Amino acid sequence: MKKRNKAKWLILIVVIAVVALLDGLSSNVNLLDRAIVVGMGIDYEDDEISLSAQVLIPKNSSSASQGNDFVVYSSRGKTVQEAVENLSYTVGLKASFAHTNVIILGDRFLKSGRTDVLEFLVTSDMVTDNTLLVASAGDAKEILAVQMPINEVASYHLTEILQSNRKEAGQNTASLKSYFENIYKVGHTASLPLVFLREGEFGLLGQESSGEKPKLLDVSHVVVTNKEGYLIRLGRRQSNALSYTTEKLNAGVLSYMGDDGMEKEAVILRTDATKTALSYDVTEIRIDFSVRPSQKYYVSASGATGGISQSEQEQLRAQIISAVADCFEICKYYDADVFHLGEELYREYGEEWKRSVGKSYLDGLKLKITVNLNVK
């Protein structure tokens, strides 16, 4: 009798395991039944989250039309989960975010204080931690839907700009992971590249007769945020300065006035920045620049040839220092530690420093800026 009971239990366990396995297999969604989201936009409208998705429709799917494999769909909801569920109903396919390259955050969303949305994205497995984060000057949906030249889509174009091997001055990057790493540093300050539209010089390929010009994506500005959301938009000059201190650049130019009164440019070959806590209220940013003149040689009054004269180099150093100081002072006014100097002070001096300065440590903080210029 005992052996028979053991056999019954064994059969029951096997049946449960098989049913669970078959149920798991049945829940898998065929690729052709998925809406593959390559770019996502988050806006805020009427106290709801507005979710826009740039979707890749597989060619064999009946949803594809007129040979257009990318379509922008939108949905709304009180939460991200609700908006995602409504998106799947709108598309008629199950939305898959595993291949999402970039998330664009609309201006109204950033100013809404809905920090729970980003917290959900980073704690859930909806997107990867390395997904790029970008702020938008207007609605995120408008950026996703913009008509790009040569049939490119906005999400791919943004990814190419921000993850290119050519790291140009003024291009500051942020991923979901790095954003939260910065938000939870001392000072709780993070920055996002700001994307806005500008008109291209040439007409759309194959549509020259219409006179319509394509919109190009510009990411030369930055939005600074804290744990509560939007703080300030930095212009091109301050955004350049931020990239000098936070990125390793290998492209871009520095404009200056030559000794001969002509406007010239120095091409950036490489940059590197280090931050050091010198005392409780003094920090130093040291920036190493390797540059070359855009026109390799000049001829001095004595007949000697060279690249960038000493006086021109001093002008470049002063220009860089002025831009970094300007960025620091503007952000300091908004209590935004965009250079994460508080983190350096905390690492050097620990809790004793935090107790002595309080929360508004930026008020009494002085910044020393040193620029080393190496001309190739």
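Start by selecting residues 48-56, strand β2, together with strand β1: the two pair in the antiparallel sense over nine bridges. Strands here are DSSP runs of E of at least two residues, and helices are runs of H or I of at least four, numbered from the N terminus; two strands pair if DSSP finds at least two bridges between them. This is a predicted model, in which local features need pLDDT of at least 70 and side-chain atom pairs count only at pLDDT 80 or more, while totals for chains, interfaces and linings use all residues. Residues are numbered from 1 along each chain as its sequence is written, and side-chain values use heavy atoms, with hydrogens and water left out.

Show Tyr44 next, which stands opposite Ile49 in β2. Two residues separate β1 and β2 in their hairpin, and Asp46 in the turn has a positive phi of about 50°.

Now colour residues 34-45. Of the 12 residues of β1, 10 are buried, so the strand is largely enclosed by the rest of the structure (buried means under 20% relative accessible area, exposed over 50%, partly exposed in between, with a 1.4 Å probe and protein chains only). β1 also runs parallel to β5 (residues 102-105), joined by four bridges; Gly39 stands opposite Val102 there.

Move on to Tyr244 and Phe289. Their ring centres are 5.2 Å apart and their planes at 80°, so the pair is edge-to-face (rings of Phe, Tyr and Trp, its six-membered ring, pair with centres within 6.5 Å; planes under 30 degrees apart count as stacked, over 60 as edge-to-face, the rest as tilted). Tyr244 belongs to helix α8 and Phe289 to strand β12, 45 residues apart. Both Tyr244 and Phe289 are buried.
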